[in-house]
Amino acid sequence: MVCRYSTKLLNICIASLCKIGQLEKAEAVVIDGIRLGLLPDVVTYNTLLSAYSRFVGIDAAYSVIHRMKEAGISPDVITYNSLIAATTKSCLLSRTLDLFEEMLRTGIQPDVWSYNSLMHGFFKLGKPDEANRVFRDNILTNLLPSSSTFNIMINGLCNNGYTGHALSLYRYLQRQGLGPELITYNILINGLCKSRRLNAARRILKDLEKSGHVPNTITYTTVMKCCFRSRQFEQGFEIFSEMKRKGYAFDAFSYCAVIAALTKTGRLEEANDIMDQMVKSDIDFDIASYNTVINLYCRNGKLKATCKLRDEIERHGLECDKYTHTILIASLCKAGNVEGALRHLETMTKLGFDSILVAQNCVIDGLCKAGRLDQAIKMFASMDVKDSFTYSSMVHNLCKARRYRHASKVLLACLRDGMKILKSNQRSVIDGLLDLGYTSEARRLKSKIRLAKMVQY
């Protein structure tokens, strides 16, 4: 009895250390326990295995199961479930299936958690049909599904584009009297919002309010963000007001979503008010929050204030990302400070960001508007990556300068690269060539535009 109690206490100590990633100390406790005559049991090894798979890696977790077998302790279903969860998280399907085979060979029957992990793995790999077969043939036939089973199914179906099937499963739960949990509602609402099915998401939100569950900040923020993405700004602002009335605590994500939407709709005074509330609420700013505020300052023309914010970002141990620099470059160009924008772009290049295309597009447009077209042409020619905006900007500004033949060459390069360009820009080039008497060039350009359309369709 004393030994059993001591082993239990040993396992509690090991679990506490493993929970915070102190694996070396946990191993030291195991060794101390052995010296005192307390041999590790299956719970000890399962705890270590789960921690190693979480903090170190799958191979380290496999080494624990080998130690376990060497100690004469047989793995149980929990042991295998920990390994299966780790392999599915890393999308190692072949290893997952090998573990299932090993379980069956040793006479251990997979439980609902084993199959939940397998379903999750299939969904992650974009194999919803296989996940559905596991759900139908293994779980529904031989086991009792848990709430997590249905949550994994609904989440996986939504992530793989089957929101209609996810809704059907949700309705099935309602008909069977299996009241969905709050997390189930949040998963489904999030999936519908990602698919831009705003009306369906709002209907589920109404169901949630009637169910007895209380929507949380995540629920409302998800729907609010979807409203903004769908350009249903007033609906989004109504949800924000409702959250305020009900006394919800806002996180940085909620505030930033509202500030960005107000900024986008030109309601800068309201955006400033919300920003003041955000600052007073003592929320820890991440780089996305700072970017939202910097964008608002730039829209207000407060370039000096943005410089102070950059210093604040550094003081808080954060680093400006490519969005921070792009926002600043866009605002400098808008203010006519092209030299400052060029210097900032050079800094971005030195910092080695993976993509600076949007920033380059801003600078090209800024150079053109500042009458420095030749410099913009040189920069355009030096770019390895271009998009439709790059080409459209160059064609538009070349036409404004009445350099239609050059614009024609850029337009043709755009079509060769499979990019789309505004019809108004195409017409401007053709009309300009005709005005200057380049009739044959205009005809050739027209035919190449028609040919490009045929190839695209």
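**Exercise 1.** Where is the place of C91 in the chain?

*Solution.* First, some ground rules. This is a predicted model, in which local features need pLDDT of at least 70, side-chain atom pairs count only at pLDDT 80 or more, and totals for chains, interfaces and linings use all residues. Residues are numbered from 1 along each chain as its sequence is written, and side-chain values use heavy atoms, with hydrogens and water left out.

Now locate the residue. C91 sits in the loop between helix 5 (77-89) and helix 6 (93-105). Helices (H or I, at least four residues) and strands (E, at least two) are DSSP runs, numbered from the N terminus.

Next, check the backbone. Most residues other than glycine have a negative phi. C91 is not a glycine, yet its phi is positive, about 60°.

Last, check the cover. Buried means under 20% relative accessible area, exposed over 50%, and partly exposed in between (1.4 Å probe, protein chains only). C91 has 31% relative accessibility, so it counts as partly exposed.

**Exercise 2.** Describe the place, phi and accessibility of R196.

*Solution.* Start with the place: R196 lies in the loop between helix 11 (182-194) and helix 12 (198-210). Then the backbone: phi is positive at about 60°, though R196 is not a glycine. Then the cover: R196 has a relative accessible area of 49%, so it is partly exposed.

**Exercise 3.** Which residues form a positive surface patch?

*Solution.* Begin with the rule. Patch residues have over 30% relative accessible area and no salt bridge; like charges are joined within 9 Å, nonpolar side chains (Val, Leu, Ile, Met, Phe, Trp, Tyr) within 5 Å. A salt bridge is a side-chain nitrogen of Lys or Arg within 4 Å of a carboxyl oxygen of Asp or Glu. The members are K19, R54, K89 and K124.

Take one of them, R54. It belongs to helix 3 (residues 42-55). R54 counts as exposed because its relative accessibility is 59%.

**Exercise 4.** Is V338 buried or exposed?

*Solution.* V338 is in helix 20 (residues 338-351). Its relative accessibility is 3%, so V338 counts as buried. Now compare positions: V338 and I20 are 318 residues apart along the chain, and their C-alpha atoms are separated by 50 Å.

**Exercise 5.** Describe the whole chain.

*Solution.* Count the elements: 26 helices and zero strands. The radius of gyration (over C-alpha atoms) is 30 Å. Of the 457 residues, 46% count as buried.

How values were computed:
Accessible areas come from the Shrake-Rupley method with a 1.4 Å probe; for residues, only the protein chains shown count as cover. Lys and Arg count as positive and Asp and Glu as negative; His and the chain ends are not counted. The place of a charge is taken as NZ of Lys, CZ of Arg, CG of Asp or CD of Glu. The radius of gyration is taken over C-alpha atoms; the globule rule is 2.2 Å times the number of residues to the power 0.38.
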